[in-house]
Amino acid sequence: MKKFSVLVALLCMMIASTALARSVNEERARIDEVHAQAMDRFYDKRPNVVSEAQSAYGYATLSSSRVLFFGRGRGVAINNETGEKVYLKQNEIDFLGLGIGLLGCIEYDLLLTFEDEDSWDRFMTGKTKTSFTTVAVASGNNKPSGSGSESLTARGVKAYMLTKKGLEASISLGAVKIYAPKKLNGYR
């Protein structure tokens, strides 16, 4: 009876780990798809930024949404030198949201470029503080016609933004935490 219980427990663990691996792989595939869509939007609206990203040490895209004062996003960073891919998550809190629009809702893509290995390493290890000052303007009609600028307070990192949906004109000051979740990356 004891051997049977151990066998059942092992079988349950194997099934659970397979389901977890499948969901991690599915999440990575979704993030890769979102990354490709973000790069297409940047290529359509700001092709010079895409060229800058492709010639930088590395770059990252994050697709995010914010409702009122809170936002979330996901994306991937790609090291152009080594080919390394790091999956990212983003949490945002907007301390001073002076916005006009559809309940302060906005969806946007960020494109970050990393100048060199040092700026990449600082960002990936969480040593880069990601405090944003944001100016975003979006038009209605759910078209990615809005654009804005974002500046990270980090040496060697530039950030660019395109809005996707929503109607907002805002000036805000907030904090953004971008991190590499262990579940998606396995080694961080």
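**Figure 1. Order of elements along the chain.** From the N terminus on, the elements run α-α-β-β-β-α-β-β-β-α. That gives four helices and six strands. Helices (H or I, at least four residues) and strands (E, at least two) are DSSP runs, numbered from the N terminus. This is a predicted model: local features need pLDDT of at least 70, side-chain atom pairs count only at pLDDT 80 or more, and totals for chains, interfaces and linings use all residues. Residues are numbered from 1 along each chain as its sequence is written, and side-chain values use heavy atoms, with hydrogens and water left out.

Figure 2. Of the 188 residues, 42% count as buried. Buried means under 20% relative accessible area, exposed over 50%, and partly exposed in between (1.4 Å probe, protein chains only). The accessible surface comes to about 10,600 Å², and 60% of it belongs to carbon and sulfur atoms. Areas come from the Shrake-Rupley method with a 1.4 Å probe; for residues, only the protein chains shown count as cover. Among contacts with a separation of 6 or more, 71% join residues 24 or more positions apart. A contact means heavy atoms within 4.5 Å.

**Figure 3. The nonpolar cores.** The largest core has 20 residues. Leu88, Leu112, Phe114 and Met124 have the most contacts inside it. Strand 1 (58-67), strand 3 (85-114), helix 3 (117-124) and strand 6 (157-179) each give two or more residues to this core. Strand 3 gives the most, with seven residues. A second, separate core of 10 residues includes Phe42, Val50, Ala53 and Leu162. A nonpolar core is a set of buried Ala, Val, Leu, Ile, Met, Phe, Trp, Tyr and Cys residues joined through side-chain atoms within 4.5 Å.

Figure 4. Val49, Val50 and Ala53 are buried in helix 2 (residues 47-55). Seen down the axis, the buried residues fall within an arc of 100°, so they line one face of the helix. The arc is that of the directions from the helix axis to the C-beta atoms. Asn48 and Ser55 are exposed on the other side of helix 2.

**Figure 5. A nonpolar patch on the surface.** Val67, Leu68, Phe69, Phe70 and Ile93 form this patch, with about 490 Å² of accessible area together. Ile93 lies in strand 3 and counts as partly exposed, at 41% relative accessibility. Patches are made of residues with over 30% relative accessible area and no salt bridge; like charges are joined within 9 Å, nonpolar side chains (Val, Leu, Ile, Met, Phe, Trp, Tyr) within 5 Å.

Figure 6. A salt bridge is a side-chain nitrogen of Lys or Arg within 4 Å of a carboxyl oxygen of Asp or Glu. By this rule the count comes to seven. Glu27 and Arg74 meet at 3.4 Å, N to O. This pair links distant parts of the chain: Glu27 is in helix 1 (residues 2-45), Arg74 in strand 2 (residues 70-79), 47 residues apart. Glu27 is buried at 14%, while Arg74 is partly exposed at 26%. Glu27, Arg30, Arg74 and Lys89 are linked in a salt-bridge network. Arg41 forms a salt bridge with Asp109, the closest N and O atoms being 2.6 Å apart. Arg41 lies in helix 1 and Asp109 in strand 3, so the pair ties together parts 68 residues apart in sequence. Both Arg41 and Asp109 are buried.

Figure 7. Asp118 pairs with Arg122 in a salt bridge, with the closest N and O atoms 2.4 Å apart. Both lie in helix 3, four residues apart, about one turn of the helix. Asp118 is partly exposed at 36%, whereas Arg122 is buried at 17%.
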